[in-house]
Amino acid sequence: MDLPLSPGTSGDRAASIYRELLDAVLDGRLAAGAKLPPSRALAASLGVARGTVTTAYDRLTAEGFLVTRVGAGTFVCPDIEPRRARRAPVGAVRPRPVWESLPPPVADAAPTEFDLSVGGPDTTLFPLAVWRRLVSATLRPSLLTASAYEGGGHPGLQAEIARYVGLSRSVVAGAEDVLLTNGAQQALDVVARAVLDPKDVVVVEDPGYTAATRLFASHGAVVRPVRVDAEGLVVDELPGSARVVYVTPSHQFPTGAVMSLRRRIALLEWASRRNVVIVEDDYDSEFRFEDRPLAPLQNLDRDGRVVYIGSFSKTLMPSLRVGYLIAPRSLQDTLREAKLLTDWQGDAVTQGALARFMSEGLLSAHVRKVTKVYARRRQALLDGLATLPAGVLQVLPSAAGLHVCTYFVDRGVDDVAVAADAARAGVALEPVSVRFRGSTPRPGLAMGFRRIEVDQVPEAVARLAAVLPGPGQAPT
Ligand SMILES: Cc1ncc(COP(=O)(O)O)c(C=O)c1O
């Protein structure tokens, strides 16, 4: 343990070490049972004789604050009660009022026997051994001497991403167009910093991605939810005052709808008549199970108003915190500056390892491999849902991603209560109504197939069936 005692040089050092340690024990800063450094080590770090420290330790031991265990060391007495536990003061200062009005975050479903929750990938599929090799290859002396506070991130990774999204997603970009971020979330944050004034209107999808809504609201934007149907965002209902439109056209979150080509063109035409920035979040469409993907908005954009955002949270792991954005030239300098202002250029080791992972062709191979695993799990889940009584759940079509979305046919169902019953029955899944902000929430259940084994699906569906309400009205 590192004990930050003051190194004072004059006076009775044993007495001042005693007092500082006693204060720390009484305040609870040195917790009951905590191990103290060996007297020799503490003496060396304070530049005093060892006997000075042992005098202080002996006195505290005699008074019952410390105990010595032969061969193990000196510890704070395990049953000591901090007498005047000093907590941080409640505080006279307050956050900006906007933090009190943010929509609440959607909590992760608690872990259960059958995991149909929505979120990151199956991390047991993460290529850990390969990643270790690449991290270790990246940790070179040159990394230590490189300037830590400049640049736009790992240039090799920027180039790899430009190539990858060009080939796999038809995104038009060179290496210099790619700005590395800590996940999609930071990409949204720097876009907000770059283009939003307080009270600017940001359109989000309804239902939609709560973390994006909260982020824009935290910047002081007025968030306007706009309805989503089977063709994606309903462009006809966009408010003329919008400054930013945030969309997930490849795989709408959470409904799974793919924005139709007609709507994509309508959105771009609508935006080009106004001073609107379109933020295209393509967070999980690498996992594609059926049809060929439509060209992203970024590819169809003719006047430079789409910011394309991607993430490695689904293809690899959310805790890597790597994402990127590809913006029109007119925004690039400001976005780069906004990124540098928030956390400089990000984590060079992770970015370097990922660059190697991609340049060795391992990302594409990994995506191909895990897509096969997810395809089997997805099919098993869809087959299982098809065995449920008709007229209860309407499974929404979805060709990509790691979850499927369903709506209750009966719009009066309390999906939060059904999800809670399912959790009690051992099945984790997510109610859909919590993702609505504006229009009347529709009840439904979103189900991830990322972490469910094929042979677990029948039992999971049987348990779900047992908590579902009876058939409702025909779909409207
Ligand atoms: C709509 C959407 N965008 C982006 C992400 C990824 O965010 P990040 O890259 O910050 O982990 C997710 C993850 O669940 C998501 O659902």
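## Domains and basis of the model

The C-alpha centres of domain 1 and domain 3 lie 50 Å apart. The domain assignment gives domain 1 as 1-93, domain 2 as 114-118 + 365-467 and domain 3 as 127-361; such bounds come from an automatic or database domain assignment.

The model is predicted: local features need pLDDT of at least 70 and side-chain atom pairs count only at pLDDT 80 or more, whereas totals for chains, interfaces and linings use all residues. Residues are numbered from 1 along each chain as its sequence is written, and side-chain values use heavy atoms, with hydrogens and water left out.

## Sheets

An open sheet of eight strands runs in the order β4-β11-β10-β9-β8-β5-β6-β7, and its pairing is mixed. β4 (178-181) and β7 (232-233) are the edge strands, each with a single partner, so one side of each has no neighbour in the sheet. Strands (E, at least two residues) and helices (H or I, at least four) are DSSP runs numbered from the N terminus, and two strands pair if DSSP finds at least two bridges between them. β6 and β7 pair in the antiparallel sense over two bridges, and the bridge partner of Asp229 in β7 is Gly232.

A further open sheet has four strands in the order β12-β13-β16-β15, with antiparallel pairing. Here β12 (393-395) and β15 stand at the edges with a single partner strand each, so one side of each is left without a neighbour in the sheet. Five bridges link β13 (residues 403-408) and β16 (residues 444-448) in the antiparallel sense; Tyr407 has Gly444 as its bridge partner in β16. β1 (residues 66-69) and β2 (residues 73-76) also pair in the antiparallel sense, over four bridges, with Thr74 in β2 as the bridge partner of Thr68. Three residues lie between the strands of this hairpin, in which Gly71 takes a positive phi near 85 degrees.

## Pockets between domains

The largest pocket has a volume of about 1100 Å³. On a 1 Å grid over the protein atoms alone, a pocket is an open set of points where a 1.4 Å probe fits, with protein on both sides within 12 Å along at least five of seven lines, and lining residues have an atom within 4 Å of a point. Points are joined across faces, edges and corners, and the volume is the space filled by probe spheres set on them. Of its 42 lining residues, Val106, Asp108, Val118, Gly119 and Arg435 are the closest to the centre of the largest pocket. α7 (183-195), α8 (210-218), α14 (415-424), β14 (427-428) and β15 (430-431) are the elements that give two or more residues to this lining. By class the lining has 23 nonpolar, eight polar and eleven charged residues, where Ala, Val, Leu, Ile, Met, Phe, Trp, Tyr, Cys and Pro count as nonpolar, Asp, Glu, Lys and Arg as charged, and the others, Gly among them, as polar. Domain 2 and domain 3 both contribute to the lining, so the largest pocket lies between them.

The second largest pocket has a volume of about 540 Å³. Its lining consists of 24 residues, with Val228, Asp229, Ala230, Tyr407 and Arg442 nearest the centre. Strand β6 (residues 222-229) gives the most to this lining, with three residues. The lining divides into ten nonpolar, seven polar and seven charged residues. Domain 2 and domain 3 both give residues to the second largest pocket as well, so it lies between them.

## Backbone details

A cis peptide bond, with omega about 5 degrees, joins Asp206 and Pro207; Pro207 lies in the loop between β5 (201-206) and α8. The peptide bond from Phe253 to Pro254 is cis, with omega near 10 degrees, and Pro254 belongs to the loop between β8 (242-247) and α9 (261-272). Lys199, in the loop between α7 and β5, is a residue other than glycine with a positive phi, near 75 degrees.
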